[in-house]
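Here is a short briefing to read alongside your viewer. Please have the sequence and the fold open as you go.

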Amino acid sequence: IRLALVGCGGISRAHHNGYKALMACDCREFEVVACCDELPERAEQAAVDIASFQGTQPRVFGSVTDLIKAEVADAADICTPHYAHHLCAIELLDAGLHVLVEKPLGITIRASRAIIAAGQRNDRIVATAEQIRRCQNSRAAKWALTTRKLIGDLRFAVVQSVDNNPLDFSTSQFKWRGIKLLVGGGMIMDSGAHFTDMIQHMFGEVDEVACDMRTYDTRLIEDVPILGSAPADVEDTWQITIRFKSGLLVNWVYCRAAVGNKISNAAYYGSEGSMRDLGFPFHCFQGGGEALLADGTKVTNAEIVEQYMASLSDAERDRLFPYGCLDCFGLEVRDFVDSI
């Protein structure tokens, strides 16, 4: 598959590393043939970086329109800011390319549905880049909680990230993240997309949600893309209760404008023990999980991962970790390529 990288800023570097990890495992199912960004220097640097491990250097383009006209690619890996997801994806799909779109798929439900509709009318693959559910640690924790039932029947979870940590609006990667028109929402649409995907992946359908969101940080942001200057208007605080159809309750709290004590905690409780998330709470178990059982036994992440991997058949291991690749960004790209 001839793959184009569209958007060569922040998150695209993780995608570079995913390509590199796959190629280091002898995956040759794709070649990155193009790097596209409105800032030519970013696209050029990405092309040089990819050439260093791919062996061939991708061509550089300054717009999706120019990329399409060149007819060099079969598919696109879209890593633009959120507000450009639907603009780029729909144009690419209408030109006959398949698309992998960084999360969230669109900045609104309407934008997301428009992307999906473009994929359907052109008979092309539309995928959302979601790496957390593909991490070895996350897969192992899901298995331990829902298949092995290491901590018994699940009852509730408490997930908290509270800090006084304002976004740095002086940097280009955060200017647009403070404006709802450009990002769709604050961290509830950013890291929150990982969390909401993963808890549904682990625990099934949600029955009810109660949410209270607040915005305390309303600083004026200068040189915002498209809009010029504008006050920050995305939520920076929320408290949410999520009730699953299974009866599981999740209490999800976030604030980056909390003066004083910091809290970073994610713990999942069952009838026979609990499992603590060892990493960033919204990237469910990407950093691993550790269980404490009713009898005082501690089950480490290394033990959970070892037991999970031993539970897989050869066919399952090849499907979930093709070529032996463990890089979760590489796995999402390979799944996309494989689906095409």
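G192 counts as buried because its relative accessibility is 0%, under the 20% cut-off used for that label. This glycine lies in helix α9, and the model it comes from is a predicted one. From there, the points below move on to a pair of crossing helices and then to a hairpin.

**Around G192**
- Leaving aside residues up to four places away in sequence, G192 touches M187 and W252.
- W252 is 60 residues from G192 in sequence, yet the two C-alpha atoms are 10.0 Å apart in space.

**Helix α6 on its own**
- Helix α6 covers residues 136-147 and holds twelve residues.
- From its first C-alpha to its last, α6 reaches 15 Å, which is close to the 16 Å expected at 1.5 Å a residue.
- Nine of the twelve residues are buried, so α6 is mostly covered.
- The buried positions in α6 are Q136, N137, S138, R139, A140, A141, W143, A144 and L145.
- Those buried residues pack against several elements, including the strands β7 (154-162) and β14 (273-277).
- Helices are also among the packing partners of the buried α6 residues: α9 (191-203), α10, α11 (314-320) and α12 (328-339).
- Just after α6, K149 takes a positive phi of about 55°.

**Where α6 meets α10**
- Two packed helices are described by the angle between their axes and the distance between the axes.
- For α6 and α10 (residues 301-311), the axes come within 9 Å and cross at roughly 80°.
- On the α6 side, the contact is made by Q136, N137, R139, A140, A141, W143 and A144.
- On the α10 side, the residues they meet are N301, I304, V305, Q307, Y308, M309 and S311.
- By residue type, the contact of α6 with α10 divides into eight nonpolar, five polar and one charged.

**The β9–β10 hairpin**
- Strand β9 (residues 220-224) runs antiparallel to strand β10 (residues 228-231), and three bridges join them.
- V224 stands opposite G228 in β10.
- Three residues sit between β9 and β10 in this hairpin.
- In the turn, I226 has a positive phi of about 70°.

Definitions and conventions:
Residues numbered from 1 in each chain as written. Predicted model: local features only at pLDDT ≥ 70, side-chain atom pairs only at ≥ 80, totals over all residues. Heavy atoms only, no water. Axes fitted to C-alpha atoms, helices over the stretch in contact; angles between N-to-C directions. Helix = DSSP H or I, 4+ residues; strand = E, 2+ residues; numbered from the N terminus. Contact = heavy atoms within 4.5 Å. Nonpolar A, V, L, I, M, F, W, Y, C, P; charged D, E, K, R; others polar. Expected span 1.5 Å × (residues − 1). Buried < 20%, exposed > 50% of the residue type's maximum accessible area, 1.4 Å probe, protein only. Pairing = 2+ DSSP bridges.
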